[in-house]
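Trainee: I am new to this structure. Can we go through it together, one point at a time?

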Amino acid sequence: MAKILVVDDEEHIRLLYSEELKDAGYEVITAESGFQLLERIEEEKPDLVILDIKMVDYNGLDLLQDIRNRFYDLPVILSTAYDTFKEDMKSIAADFYVVKSFDLTELKKKIAVALETRLPT
Amino acid sequence: MAFYQENPHAVTKADVVVGIPSFNEAESIGRTTEQVAKGLVEFFGHLNCVIINCDNSSSDGTKEAFFNVSTEVPRIYLSTPPGVRGKGNNLRNLFEKVRELQAQAVVVVEADIKNMAPGWIRKLGEPVLKGAGFVSPLYARHKYEATLTNSIVYPLTRCLYGRRVRQPIAGDCGFKGSLAEEFLKSPFWSEAVEQSGIDIWMATTAMNARIPICQAFMGCPKLHRVKDPYAQLAVLFRQVLSTVYDLMAGCADFWRQVKWSKPTALFGVDNQETETPLPVEINLTRLHERYLQGCNDYADFWQRVFDQTLYHKLEEIRSMGLQHFSIPSQTWARILFDAAIAYRGMAESERATLFDALLPLYLGKVLSFVKRTERMSLQQAEEQVESECTVFEENKPYLVSEWK
């Protein structure tokens with residue numbers, strides 16, 4: 001079972017993602033901020049991270065660069081209420097960019113692809 | 001080994017090497033060398049650095065212009081024998097020298113860049129010293145610039161090797177010194193690689209070496225001293241595409257296992273203003289004429305290479321006229337996939353015809369892209385390119401199944 005880490009400062013989003021993704025067969029863990037996120041990833045070893053961009057104390061795009069530099073191939077999906085962040089060059093370090101919605105069809109599709117991505121080692 | 005070398009500072013070891021390939025660049029290599037030297041002093045002053053001009057035995061005083069620059073950074077001049085041309089040949093000499101000097105990091109910049117600044121050396125070199133294996137630049141580009149990259153090189157290499165390297169034939173790069181050995185022992189050197197195919201060859205070799213790849217955000221366009229993208233189009237098209245197809249044949253065990261694609265790490269995106277690229281004018285009527293001419297000249301050849309459905313699609317596109325002209329992404333992916341499959345089984349002489357026959361289709365694809373994106377912003381056009389790449393990835397199972 002793939003383990004997904006949801007990083008979002010909005011509780012209802014964490015709850016929504018957790019319930020829906022658990023129903024879809026994933027193991028879900030959550031974080032309410034970017035505090036010690038790299039250490040958390042190191043410990044929990046998630047298969048994929050869903051990362052909010054606009055958090056109260058953290059900028060998801062900066063966290064994304066940190067994640068990419070340390071966990072080069074860890075799939076990261078940026079999740080945001082604003083599609084304007086797509087114009088920020090930093091967002092291209094993400095596997096996918098998804099605009100938040102209560103319908104998680106698109107997100108689930110991207111998760112499936114990101115987890116299926118295979119590069120020979 | 002290089003046919004000719006001048007090493008006036010008797011350099012035998014270096015941490016950072018900057019290579020400047022050239023042929024008759026006396027007018028511009030002085031400025032480029034000056035900027036490179038400033039960058040090395042400013043950002044890598046604590047390391048042993050050397051600038052190497054790898055030349056094609058220029059007759060216009062390139063070597064003198066290179067050595068005439070006043071800087072404390074030592075320099076080496078290498079050259080191929082007189083009459084031996086090509087950027088790939090220049091870089092092969094550079095790789096050998098890098099191996100000899102046991103350099104940690106190598107940066108390659110073209111000699112004719114008008115707007116090069118010292119910071120470029122940092123952007124291409126620092127990620128390597130921090131652990132990246134290969135660094136590809138990300139220049140600010142107009143939506144109609146680098147059409148060969150947008151239409152062919154990026155979508156194909158991304159779907160084949162699974163790594164999203166957006167500008168793999170930009171001409172400049174950084175790489176770890178040990179990769180020079182991989183380059184030298186590669187079995188895929190060819191005549192095309194010795195010429196302009198070298199850029200995509202290096203990027204692809206790096207992708208196949210499973211090393212971390214980084215893209216360096218340059219924040220500005222790259223301006224060449226002379227820039228006429230269509231001056232050598234047919235030659236460039238053949239050299240680049242034949243390199244892509246040769247590598248496909250050689251690396252099939254790797255790319256057949258790859259599914260979808262992954263991003264790279266990024267460097268240089270903090271607090272970086274982006275300069276707006278200059279607009280690029282495109283002659284739509286001329287592109288359309290070239291497509292129609294291709295329909296007349298290569299109908300028989302297309303029928304042999306492509307299956308009936310695809311050929312009829314091309315005929316259908318011909319009948320649409322300029323106003324409604326469009327080559328759908330899926331059709332384009334099939335064209336490039338089927339051509340790759342056909343290329344494998346062809347004799348060298350027939351391959352030349354294949355590229356001649358693909359050229360009008362490529363120009364048609366450029367026309368299609370321009371029409372599709374003419375009212376789009378640069379960002380929207382970029383999203384269109386990304387969306388076409390996804391179509392390539394979605395259609396890859398077809399290629400895998402047909403690649404016997």
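Mentor: First, the ground rules. This is a predicted model, where local features need pLDDT of at least 70, side-chain atom pairs count only at pLDDT 80 or more, and totals for chains, interfaces and linings use all residues. Residues are numbered from 1 along each chain as its sequence is written, while chains are lettered from A and ligands numbered from 1 in the order in which they are written.

Trainee: Which elements do the buried residues of α1(B) pack against?

Mentor: A residue is buried with 20 or more other C-beta atoms within 10 Å of its own, exposed with 12 or fewer, and partly exposed in between; C-beta atoms are placed from the backbone. Among the buried residues of α1(B) are B:I29, B:V36, B:L40 and B:F44. The partners of the buried residues, all in chain B, are β2 (16-22), β3 (49-55), α2 (62-68) and α4 (119-129).

Trainee: Are α5(B) and α8(B) roughly parallel or antiparallel?

Mentor: Axes are lines fitted to C-alpha atoms, for helices over the stretch in contact, and angles run from 0 to 180 degrees between N-to-C directions. Under 35 degrees is roughly parallel, over 145 roughly antiparallel, 65 to 115 roughly perpendicular, and the rest oblique. The axes of α5 (147-161) and α8 (198-208) of chain B come within 11 Å and cross at roughly 20°. So α5(B) and α8(B) are roughly parallel.

Trainee: How many nonpolar residues are in the contact of α5(B) with α8(B)?

Mentor: Contact means C-beta atoms, placed from the backbone, within 7 Å. B:V153, B:T157 and B:Y161 of α5(B) meet B:I200, B:A203, B:T204, B:M207 and B:N208 of α8(B). Ala, Val, Leu, Ile, Met, Phe, Trp, Tyr, Cys and Pro count as nonpolar, Asp, Glu, Lys and Arg as charged, and the others, Gly among them, as polar. The contact has no charged residues, three polar ones, and nonpolar ones numbering five.

Trainee: How does α9(B) lie relative to α14(B)?

Mentor: Helices α9 (233-250) and α14 (348-373) of chain B have axes 10 Å apart and pack at about 110°. That makes α9(B), relative to α14(B), roughly perpendicular.

Trainee: How many charged residues does the contact of α9(B) with α14(B) have?

Mentor: From α9(B) come B:A234, B:F237, B:R238, B:L241 and B:S242, and from α14(B) come B:R351, B:F355, B:L358, B:L359 and B:Y362. By class, seven are nonpolar and one is polar. The number of charged residues is two.

Trainee: And α13(B) with α14(B): roughly parallel or antiparallel?

Mentor: The axes of α13(B) and α14(B) are 11 Å apart, and the angle is about 175°. That makes the two helices roughly antiparallel.

Trainee: Which residues of α14(B) does α13(B) meet?

Mentor: On the α13(B) side are B:W332, B:I335, B:A339, B:A342 and B:Y343. By class, the contact has eight nonpolar, no polar and two charged residues. The α14(B) residues are B:R351, B:L354, B:L358, B:L361 and B:K365.

Trainee: What is phi at B:A146?

Mentor: Most residues other than glycine have a negative phi. B:A146 sits in the loop between β6 (134-138) and α5 of chain B. B:A146 is buried, with 20 other C-beta atoms within 10 Å. Its phi is positive, near 55°.

Trainee: Is B:S57 buried or partly exposed?

Mentor: B:S57 lies in the loop between β3 and α2 of chain B. B:S57 is not a glycine, yet has a positive phi of about 50°. With 17 C-beta neighbours inside 10 Å, B:S57 counts as partly exposed.

Trainee: How many residues of chain A are in contact with chain B?

Mentor: The side of chain B that touches chain A has nine nonpolar, four polar and three charged residues. These 16 residues of chain B are in contact with residues of chain A numbering 19.

Technical notes: Helices (H or I, at least four residues) and strands (E, at least two) are DSSP runs, numbered from the N terminus. Two residues are in contact if their C-beta atoms, placed from the backbone, lie within 7 Å.
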